[in-house]
Amino acid sequence: MLSPKLSSFLSMISITCIFALGLLFPIIAQDFHEGEYFAGGGQRSLVKTLRPRELRSVGGRSSLENSELSKRSAELNGQSCKTLLGIESALNNNTHTFTFNVRSMGSLSLAWVGEEAGVLLVLTTFQVPMFMMRFGQSNLYRSEDYGKTFQDVTHLINHTFVQTEFGIAISPDHSGKVILTGDLSEIGASRLFRSQDFGLSFVPTDLPFEPLIQMLYNPGDCNALLTLSVTLDLWLSEDFGATWRKIHDSVCLVRWGPKHSIYFTTNSNGSCNEKGMLELRRTRDYGRSFHTIATRVYSFVLGGRFVFASIMTGMGTERMIHVSVDGGDVWNMAQLPTVNHEQFYSILAANQDMVFMHVDDPGDSGVGTIYVSDDRGAVFSKSLERHLYTTVGSDTDFTAVNSLRGVYMTSILTDEGTVETVITFDQGGKWQTLHRPQNSRCDIETATNRPDRCRLHIHASYSTTMKMNVPMLPLSQLNAIGLIMAHGSVGDPESVLSPDVYVSDDGGYSWLLALRGPHHYAILDSGGLLVAVQHTSLPVHQIKFSTDEGQCWHVYNFTSDPLYFSGMDSEPGARSMNVSLWGYRNDFSKWVVITVDFRKLLSRDCGEGDYVQWLAHSADPSGPSDGCVLGYKERFLRLRKDSVCWNGRDYIATKQPTPCPCTLDDYHCDFGYYRSENSSECVEQEELKGRPLEFCLNGTTEQLQSSGYRKIPGDRCVGGFQPDRKEIDLRKMCTSSALHPHSLTEDSSPNTALIVMAVIVILLMSAVAGVWLVKKYVCGGRFLVHRYSVMREHVKANGIEGVDDLDTHSMETGKSHYHDDSDQDLLE
């Protein structure tokens, strides 16, 4: 079971310094000499590598008018790369080295404090477990210049040992609040060190309990903190940890909700192991009163404006998803297949408009189906079949592309058993494979005998689970419009031991082979600068960088004393010009950070002439609907590829939206319909033909009369194609939730209603009151009578067994690890 170490509000990197020197495997390496430059490729040489210690991160210019439209990938076609002059002279005086005194079996955590403040905290920890206690030593360092120099400020925390799992807790409001949790094992106590001035000073506070998880900030008021104790008591502070009060006991999982609300699961018998027997409770007044909003809960999650809960149906191990859009006052059963202990649900992504939900297939197939919801989160339709989501590590390649709206990537398992990347540009409406980049090659045997495999495959979480040589997942940034950096391969992806780095400058429509072999990479200056360091077991001394979105690369020798490289880090937000390279030298005993400031290299500020207008989602310039995605076109001003200048911290990607007429592409297939491969037309699911499309919503049965199309949530198209769609209230009571077992019966009948009315009349001794109650509660749909949805009927009729696992995977900042034993574990 996953301990709910909820760290989604942190901006922090943790590094584990344990070296597996025997785990060598081949990778592709490249050597470049000072001042060399190269364009997407190069010759390969075989070396041996060691997976290094892991480094994980925490933590308008001019009018669009009079700008020409530009297709990004064509800007430098046919042009050779030119040498950038003055690289060494510009960067040598702006490269800074600092060595930390850290023991070889220690760990190091990084956290950026504030936004664009340049403050970086580094916590080094050395600990040794001994019997029932842990002994250790921690050192705290602080930088005010983006990691160029550090001061040892360990005295501010009185040289107290800080447990690695609690790390550095940074407030999400960028106000400079910092919390460190100290371990006073010698007296069996814990102590907080609290800072409200970006780590300049800390106030010690002894805790009246031993914490189990890190302090959780209320996103709406970072003076309010939550945490669980090792005895599963829920503790709350309203004054930034100065005082604490216990508000509940036997709490299994807790989350902050909107408007200072708190959601948590609890069990009256004190056990969190009896999943499916939990209660979901909510407080809106910081624990002074509570309301039970669901029973028989297996797990829950908050995403966008939705609350999802996995609920036992009372039929063996069967569970199903319930959703609420009002904070848990009213629930509806999601129109999804039920699952059992051999299967799971997984929420892949959620926003204010819709939800991507994975439903595992029966059996241990490692695949399932992605469904997309309506704006109520209750009615779902098929989006993608054979979606790869294995029980080995419970990882999926599902990736939200932050640099362009509506774009998601993931992997499917083909009928031939190969893994293949697919991408959607319209929020799950249609999916397609990636074409092979023109500057990449597919081996002759594959190209001749299996040409379908000569497609680009993007490596993500599944590849890392399979221990492939992929040091980084796909990377995109909100303010670096259209840019994606990722590891990929052309051909059979499972057989590729050393993926290359590919770059897309148009949100995934086209790709360029940028660097041979695996690399660590980062996006700086809102996409105006890309940097990369080779992933190898050998010491490194060079950093590669590109000022044209990955088409041409230059090399800078950042040190004359090579170091074993562990990872790179830069300030979150991709606006910085500084990148820090972390590693160690031959003695393996001291961490070294080398920070390179590229500001002097890109010394000229970008002007109006450095930008060109770019139409997003442009795939067919000759078509009138070119660029129309989710109902409108967007034109951006983007930096010319041949402009070597500084975007600056104030850079905003100026955009101009234009509405589009509605077409088939603006619609998901409706409940009971699906799109066949390579088709925009929605056809009725074979198993539902001839059945009335009915579903239960808010206690009443709704009949769907549809031509097969439902507008994509958030789509802004106007006019054009407007298919018929009606939801008719059949005025029949039904069970819209399975939350309260005492309110469920197998069927509704007139006799049942009469008995209920008679009892009401007898109890109230008033026919008038009885009529009023029947009208208000029965006809109003609040009296719950058990009824299967159409999809549930189909599932039961075909003997499909199921259960659920929920996952908020890319809901906030993305998830760093998964567990496959329960949906609660995947609700992180």
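How many disulfides does the count come to by the distance rule? The count comes to six disulfides, a disulfide being a pair of cysteine sulfur atoms within 2.5 Å. The model is predicted, so local features need pLDDT of at least 70 and side-chain atom pairs count only at pLDDT 80 or more, whereas totals for chains, interfaces and linings use all residues. Residues are numbered from 1 along each chain as its sequence is written, and side-chain values use heavy atoms, with hydrogens and water left out.

**View 1. An open sheet of four strands with antiparallel pairing.** The strand order is E14-E15-E16-E17. Strands (E, at least two residues) are DSSP runs numbered from the N terminus, as are helices (H or I, at least four residues), and two strands pair if DSSP finds at least two bridges between them. Strand E14 (216–218) and strand E17 (245–248) are the edge strands, each pairing on one side only. On average, neighbouring strands of this sheet are turned by 35° against each other, direction ignored; axes are lines fitted to C-alpha atoms, for helices over the stretch in contact, and angles run from 0 to 180 degrees between N-to-C directions.

**View 2. The antiparallel pairing of strands E15 and E16.** Strand E15 (residues 221–228) is joined to strand E16 (residues 234–237) by four bridges. Leu-226 has Leu-236 in E16 as its bridge partner. Cys-222 has a relative accessible area of 3% and is therefore buried, where buried means under 20% relative accessible area, exposed over 50% and partly exposed in between (1.4 Å probe, protein chains only).

**View 3. Strand E33, covered on both faces.** In a regular strand the side chains alternate between the two faces of the sheet. In strand E33 (residues 456–459), Leu-456 and Ile-458 are buried on one side, and His-457 and His-459 are buried on the other. E33 pairs with strand E34 (residues 484–490) in the antiparallel sense over four bridges. The bridge partner of His-457 in E34 is Ser-489.

**View 4. The disulfide of Cys-606 and Cys-645.** The two sulfur atoms lie 2.1 Å apart. The torsion about the S-S bond is about 100°, so this disulfide is right-handed. The pair links distant parts of the chain, 39 residues apart: Cys-606 is in the loop between strand E43 (591–597) and strand E44 (611–615), and Cys-645 is in the loop between strand E45 (632–639) and strand E46 (655–659). Cys-606 is buried at a relative accessible area of 7%, and Cys-645 also counts as buried, at 1%.

**View 5. The disulfide of Cys-628 and Cys-660.** The sulfur atoms of this pair are 2.1 Å apart. With -85° about the S-S bond, the link is left-handed. Cys-628, in the loop between E44 and E45, is joined to Cys-660, in the loop between E46 and strand E47 (661–662), 32 residues apart. Cys-628 counts as partly exposed at 22% relative accessibility, whereas Cys-660 counts as buried at 2%.

**View 6. The disulfide of Cys-662 and Cys-717.** A distance of 2.0 Å separates the two sulfur atoms. The disulfide is right-handed because the torsion about its S-S bond is about 90°. Cys-662 lies in strand E47 and Cys-717 in the loop between strand E53 (709–711) and strand E54 (718–720), so the pair ties together parts that are 55 residues apart in sequence. Cys-662 counts as buried at 4% relative accessibility, and Cys-717 is buried with a relative accessible area of 6%.
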